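Dear colleague,

Please find below the structure that I am handing over to you. My findings follow directly after it.

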Amino acid sequence: AGWGIPESNIAVINNSLVEEVHSNQNISDVRRKLGISGPLVLTVARLYPWKQVDDLIRMTPHLSDDAVLVIVGDGPERGLLETLALDLGTRVVFVGAVAQQDVYSYLAAADVFVLNTRYEGMSHVLLEARRAGAPIVTTDVGGNLEIFDTGRNGLLVPYGDRSAMIAAINQILEDQDFADRLGNNARDGMERYSWDRQVTETLQQLYASAST
């Protein structure tokens, strides 16, 4: 619309998730491999500056119950991030890249999933986290605003507000009933992001365009 396209010529087709994959790892396997017995705060992201993983590392000392930040993913920022995390010892764990079918296990094992992103379209990893039933905290940017009703199926915080991000994560860590409610609600409505729905809507738009 900002480019001057008439609203009648605009259609939004949401991203989708392919059929759910099942990992060979279960939650106990993940936690045992990571050496974590307490709360697990997870982020899954390519390690680029706009994912703001460095900010998450700086927040880790302020997380409740000595929660451990687990970072799944790789990228050009990894060396810098590992250096930043040195003083935090075992409170920050770098997993690196994992097979797609194993991402679900990490999501299911998480007490909180966090995506502290500067900008986002329609994030697949947030959809995957919803499908896994993870309590989610993310920033109020881009497509994140379209897939979360804050307080019901996740928590949205203002981008760049470190205090709000810490408070949101700790609210989930400190209130199991609230965490369970967010996780259960996150699974609701995921049929909206099915592959069949995306294909059908895309074909409908193609046919409509061809007939005009």
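Which residues does asparagine 14 touch, not counting residues up to four places away in sequence? They are Met122, Glu146, Arg192, Tyr193, Arg197 and Gln198, where contact means heavy atoms within 4.5 Å.

Some conventions come first. This is a predicted model, in which local features need pLDDT of at least 70 and side-chain atom pairs count only at pLDDT 80 or more, while totals for chains, interfaces and linings use all residues. Residues are numbered from 1 along each chain as its sequence is written, and side-chain values use heavy atoms, with hydrogens and water left out.

Asparagine 14 is found in the segment before α1 (27–34); helices (H or I, at least four residues) and strands (E, at least two) are DSSP runs, numbered from the N terminus. With a relative accessible area of 9%, asparagine 14 is buried (buried means under 20% relative accessible area, exposed over 50%, partly exposed in between, with a 1.4 Å probe and protein chains only). Glutamine 198, in helix α9 (residues 195–210), is buried at 18%. Leaving aside neighbours within four places in sequence, glutamine 198 is in contact with Ile13, Asn14, Asn15 and Ser16.

Methionine 122 belongs to the loop between β4 (112–115) and α5 (124–132) and is buried, with a relative accessible area of 15%. Beyond four places in sequence, methionine 122 touches Asn14, Asn15, Leu127, Glu146, Ile147 and Tyr193. Methionine 122 and glutamate 146 are 24 residues apart in sequence and 8.3 Å apart in space, C-alpha to C-alpha.

**Helix α5**

Helix α5 is largely enclosed by the rest of the structure, because eight of its nine residues are buried. Among them are Val125, Leu126, Leu127 and Ala129, as well as the charged residues Glu128, Arg130 and Arg131. The buried residues of α5 pack against β1 (40–44), α4 (100–109), β4, β5 (136–139), α6 (144–147) and α8.

**Salt bridges**

The structure holds eleven salt bridges, each defined as a side-chain nitrogen of Lys or Arg within 4 Å of a carboxyl oxygen of Asp or Glu. One of them joins glutamate 120 and lysine 51 (3.2 Å, N to O). Glutamate 120 lies in the loop between β4 and α5 and lysine 51 in the loop between β1 and α2 (53–59), so the pair ties together parts that are 69 residues apart in sequence. Both glutamate 120 and lysine 51 are buried.

A salt bridge also links glutamate 82 and arginine 78 (2.9 Å, N to O). These two residues are four residues apart in helix α3 (residues 78–85), and therefore separated by about one helical turn. Glutamate 82 is partly exposed, at 32%.

**Surface patch**

Val18, Trp195, Val199, Leu203, Leu206 and Tyr207 form a nonpolar patch on the surface, with about 610 Å² of accessible area together. Such patches are made of residues with over 30% relative accessible area and no salt bridge, with nonpolar side chains (Val, Leu, Ile, Met, Phe, Trp, Tyr) joined within 5 Å and like charges within 9 Å; areas come from the Shrake-Rupley method with a 1.4 Å probe, and for residues only the protein chains shown count as cover. Within this patch, tyrosine 207 of helix α9 is exposed, with a relative accessible area of 58%.

Yours sincerely
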